[in-house]
Amino acid sequence: MENPVRNLQRAAEEYRQKSAKDKKRYWIDGILNNALYILMAIFVVYTAIEKPNFLTLGSFANLITQVAAYLPMALGIAGCIVLTGTDLSAGRISGLTAAIAGVFLQKTDFVNKMFANLPEVNDGWILLTLLAVIAVGAIIGMVNGFFVAKFSLHPFIVTLSTQLITYGIILWFFSLNGNNSQPISGLSREYKLFVNGEMFRLGNVAVPRYVAYAILLVALMWFVWNKTPFGKNMFAVGSNAEAAKVSGVNVFWTTVLVHTLAGAMYGYSGFIEGARSGSVAINTGLNAECDAIAACVIGGVSFVGGTGKISGIILGVFVLRIIFVALTMLGVDSSSLYIIKGAIILCACALDMRKYLVKK
Amino acid sequence: MEQNVLLKMVGITKTFPGVKALDGVNFELRKGTVHALMGENGAGKSTLMKCLFGIYSKDEGQIFLDGKEINFKSSREALDNGVAMVHQELNQALKRSVMDNIWLGRYPKIAGIAVNEKKMYQDTMAVFEELGIKVDPRRIMSTMPVSQRQMVEIAKAVSYNSKVIVFDEPTSSLTEEEVEHLFEIINMLRAKGVGIIYISHKMAEIKRISDDITIMRDGKWVATRPAAELEMQDIIRLMVGRELTNQFPPKTNTPGEVYLQVNGITGMYNQLRDVTFNARKGEILGLAGLDSSGRTETLESIFGIRTRKEGSITLGGKPCHNRNAQESIKNGFALLTEERRATGIFGVLNIRDNTVISSLKRHLRFGVYLSEKSQQEDTQRYIDAMRTKTPSQETKIRSLSGGNQQKVIIGRWLLTNPEILLLDEPTRGIDVGAKYEIYQLILDLACNGKTVIMVSSEMPELLGICDRIVVMSGGRVAGEVDARNTSQEEIMTLAAKYV
C-alpha cells in the first residue's frame with residue numbers, strides 16, 4: 001500500500017504544473033466523474049433541510065435495513081452482468097422461494113396451513129428450509145447457466161423463458177391443497193424472529209438480523225470475486241470468452257457456476273422477503289430484478305463485461321434506496337417517484353459510461 | 001518542389017497523461033509518391049495519423065492539405081476532404097454485403113429516400129474493375145478471407161476519390177501474390193497523383209514501394225530521406241537509435257530426441273488432411289505456408305480447440321488426447337494465438353490478471369483463496385524478464401502497445417511451465433527491437449529443452465531461427481526442409497504444391 005498523504009502531495013504537485021486550460025479540464029472531469037456523488041449530496045442536503053428528521057439515526061437505520069434487503073439479489077445478478085449477460089428470472093425465483101419458505105414455516109396451529117403435516121418450526125427446521133430454498137434457487141440458476149453456456153443462447157432469452165416457467169410453477173404451487181391462489185400468511189413467530197429479530201436499536205428503530213446476514217454475504221461475495229480462481233475466471237470470461245477458452249479457463253463451468261451462485265442469492269432473497277413482508281403473494285418478487293440490475297449498473301458493473309466491484313454494487317443499492325426513502329419522505333406521489341427513479345438511473349449510467357469511454 | 005506538396009504537418013505535438021506521444025513532428029507528403037512512415041511500436045506513427053484524422057485532437061501544430069490549413073474533427077470529415085485510411089485492424093460490418101460496406105453512410109438514393117441498389121452495384125463494379133479486384137459486390141463480408149476484406153477496404157478508400165490514402169500495415173494478412181496485387185494498385189494510384197502514406201514494419205516492402213522514408217523514434221521526427229539513399233541497416237539504425245548488427249540472435253540450441261509426434265490429423269470441420277510430423281526436444285520447428293494453408297488449424301488442433309476427426313498425438317511415446325485447452329495445458333502445451341486482440345488479451349483487465357489467468361493453481365492457498373503476494377511476484381518476475389514496458393501491474397492491458405501485450409501473454413504461458421510451445425505468428429505487428437527479444441526468448445526456451453513449434457508468414461524469420469521447417473499447403477503437409485540449407489524459393493514451391 002502506498003502512503004496516501006504522499007499520493008495527495010503528488011497529485012497537488014501535478015495539479016500546480018497544469019496550464020490554465022488543463023486546470024479547467026481537470027475540474028470539469030472531476031465534477032462529471034463524481035457527478036453521482038455530488039448530486040446525491042445535494043439531494044440529501046435538500047431533503048434534510050425540507051424534512052429535518054431525514055438526517056436522524058432512525059432514518060439511517062431504516063435505510064441500511066432496506067439496503068440489506070435489496071443487496072443479495074444485486075450481488076447475484078452482478079455476476080451475470082460481468083459475463084455481459086443479465087437475469088430476468090431473479091424476481092420470480094425469489095417469489096417462488098419466498099412461497100416455499102412461507103409454506104414450510106407457517107404456524108403449526110394456523111387454520112389455513114397449506115401442508116398440515118410439517119414438523120414444528122424450530123431453528124433446525126428453519127435452517128433446513130433456508131438451505132432448501134437456496135438449493136431451489138441455485139437449481140433454477142443452474143438451468144439458466146446450462147442453457148447459456150451449452151447452447152450459446154443469450155441470457156436475455158434464457159432467463160426470459162425461465163422467468164415464465166418459474167411463474168407457472170408459482171401459480172401451480174399457490175393452487176395446491178385447495179389454496180386457490182390465496183396469499184400464504186400465518187408465518188411462524190420463529191421464522192420472523194430468525195429474519196427480523198432485533199439486533200440493536202439505532203435512534204429508536206430496530207436493526208433486524210438480516211442486516212448482519214447481508215454483511216456476511218457481502219464478505220463472502222467479495223472473497224469469491226476477488227480471491228478465488230472462480231472469480232478471476234468469471235472476469236476473464238466476461239472480458240473475452242474466446243481468450244479465456246484458449247487460456248484454459250473452463251468457460252462452460254464458469255458460466256454455469258455464475259448463474260448458479262446468482263440463483264442461490266435469489267433463493268436467499270426470497271427467504272428474507274417472505275418474513276420481511278409477513279405474507280407471500282403470487283406477485284411477491286415481481287420485477288425485483290429491475291431494481292437489482294439498476295443498482296449494479298449505477299454502481300459501475302458495466303454491461304460491457306469484465307468490470308465491476310462489490311463496493312460499487314453496494315453503492316448502487318444505497319443510491320437507489322436513498323432516493324426511494326427521501327422521495328417518500330418528501331411526499332412525492334408514486335407516479336413522479338417512478339419517473340424520477342428512471343431519470344436518475346439513466347443519468348447515472350450515462351455519467352458512468354463516460355469513465356469507460358476511451359478519451360481521444 | 002513546394003507546389004508539389006500535398007499534405008504538410010508542422011510541429012505536431014500531442015501529450016497523454018504522463019507521456020509525450022508526439023513532440024513537434026514534421027511530415028511532408030508529395031503528390032504522386034509513396035511515403036513510408038517507419039518506427040518501432042510506440043514511436044508515434046499511429047498517433048500522428050490519428051491526429052491527422054481528428055481521432056485525437058493535437059495539442060500543437062498545423063496541418064495543411066493543398067496549402068490550406070485543415071483541422072479534421074472526425075475520420076468522416078477527413079474522408080469527405082479526400083483523406084482516407086486503410087486500417088490494419090478492419091472495422092467492417094461483417095454481416096452486410098461488400099457494397100453496403102463501401103457505400104455505408106453515403107448510399108446512392110432514389111428520390112432521396114430509397115437506397116439505389118442497382119447504382120450501388122454498378123459503382124462498386126466500376127471501382128473493382130479499375131483496381132482489378134475480383135469480388136462479387138453482393139457477397140457478405142464475413143464469408144470472405146481477411147485479405148479480400150482488406151481489398152474491399154482499399155476499394156472503399158479509392159471510391160472516395162481520395163487525394164491522400166494512408167495504408168497501415170496493409171500486408172500483414174496478405175499472401176505474396178496478394179501483396180503483388182496491392183503493389184500494382186498502389187503504383188496505379190501513385191501514377192494518378194495520389195499521395196500515399198505507407199506504414200509498415202516490413203523492410204523489404206518499404207524498400208520496394210516507397211519514394212521517401214520518414215523515420216520516427218519516441219514520438220520525435222528522426223529523418224526523412226529518399227528511399228534509394230537508405231539501406232536496410234540504416235533504417236534499422238535510425239529506428240532503434242543503435243546498431244542492430246544481427247536481425248536474429250545466434251542459434252545456440254541443439255535438438256534432442258523426438259518428443260512430440262503428430263500422426264495423421266484430419267480435421268472434422270476444417271481443411272486439414274493427414275497432417276503428420278514430429279518435433280524434438282530443444283528444437284524450433286517452423287510451420288510455413290500460405291494464408292489458409294492450415295498452419296493455424298494445425299496448432300489449434302494439437303491444442304484441442306479444434307475438433308479432430310482422425311489422428312493422434314503422442315508425447316514422449318505416450319498417447320496424449322488434448323481434447324480441450326485445459327487438458328492440453330495439463331499435458332504441458334501452450335498456445336500463443338494469432339489474433340492477439342480477439343483471442344489473446346483480456347482488454348479491460350489489468351496486466352496481473354492477464355498474466356496469472358492460466359496458472360491460477362500456483363497461487364491457490366488451502367484450496368480456497370488466491371495469494372495476492374504470489375500473483376504479484378510472478379507478474380513482476382515476467383515483467384522484468386520480458387522487459388515489458390508498463391507503468392504498473394494494475395495497468396489495463398489494452399493501453400499497452402502490441403509488443404508489450406505479446407510479452408504479457410508469453411509470460412502468461414511460461415507460468416504454466418509448458419514443455420511444448422505452439423506459437424502462432426509470435427512477432428506479428430511487433431517492432432524490430434522487440435522482435436529480437438522475442439527471438440532470443442524462443443531460443444532460450446529451446447536451449448532449456450522445450451519444444452517450440454512456430455507459425456510465421458515471414459520467411460526470413462523462419463529461416464533465421466528454426467531448425468526444421470514443415471511446409472503446409474492446402475491443409476496438407478507439402479514437405480519438410482532443413483532450415484540451414486534451404487531457400488525461400490524451395491519453401492514457396494512447396495507451399496504452392498496443393499493450392
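Strand 15 (residues 284-288) and strand 22 (residues 451-455) of chain B pair in the parallel sense over 4 bridges. Pairing requires at least two DSSP bridges between two strands. Strands (E, at least two residues) and helices (H or I, at least four) are DSSP runs, numbered from the N terminus. Leu287(B) stands opposite Val455(B) in strand 22 of chain B.

This is a predicted model: local features need pLDDT of at least 70, side-chain atom pairs count only at pLDDT 80 or more, and totals for chains, interfaces and linings use all residues. Residues are numbered from 1 along each chain as its sequence is written, and chains are lettered from A in the order in which they are written.

An open sheet of 6 strands in chain B runs in the order 18-21-22-15-23-24, with mixed pairing. Its edge strands, strand 18 (333-336) and strand 24 (476-482) of chain B, each pair on one side only.

Chain B is divided into domain 1 (2-240) and domain 2 (258-495), with bounds from an automatic or database domain assignment. Their centres, taken over C-alpha atoms, are separated by 32 Å. The contact takes 13 residues from each of these domains of chain B. Contact means C-beta atoms, placed from the backbone, within 7 Å.

Between chains, 25 residues of chain B are in contact with 21 residues of chain A. Helix 10 of chain B gives the most to the chain B side, with 3 residues.

| Elements of chain B giving two or more residues to the side touching chain A | Residues |
|---|---|
| Helix 10 | 325-330 |
| Helix 11 | 340-343 |
| Strand 20 | 369-370 |

Key:
Contact = placed C-beta atoms within 7 Å.
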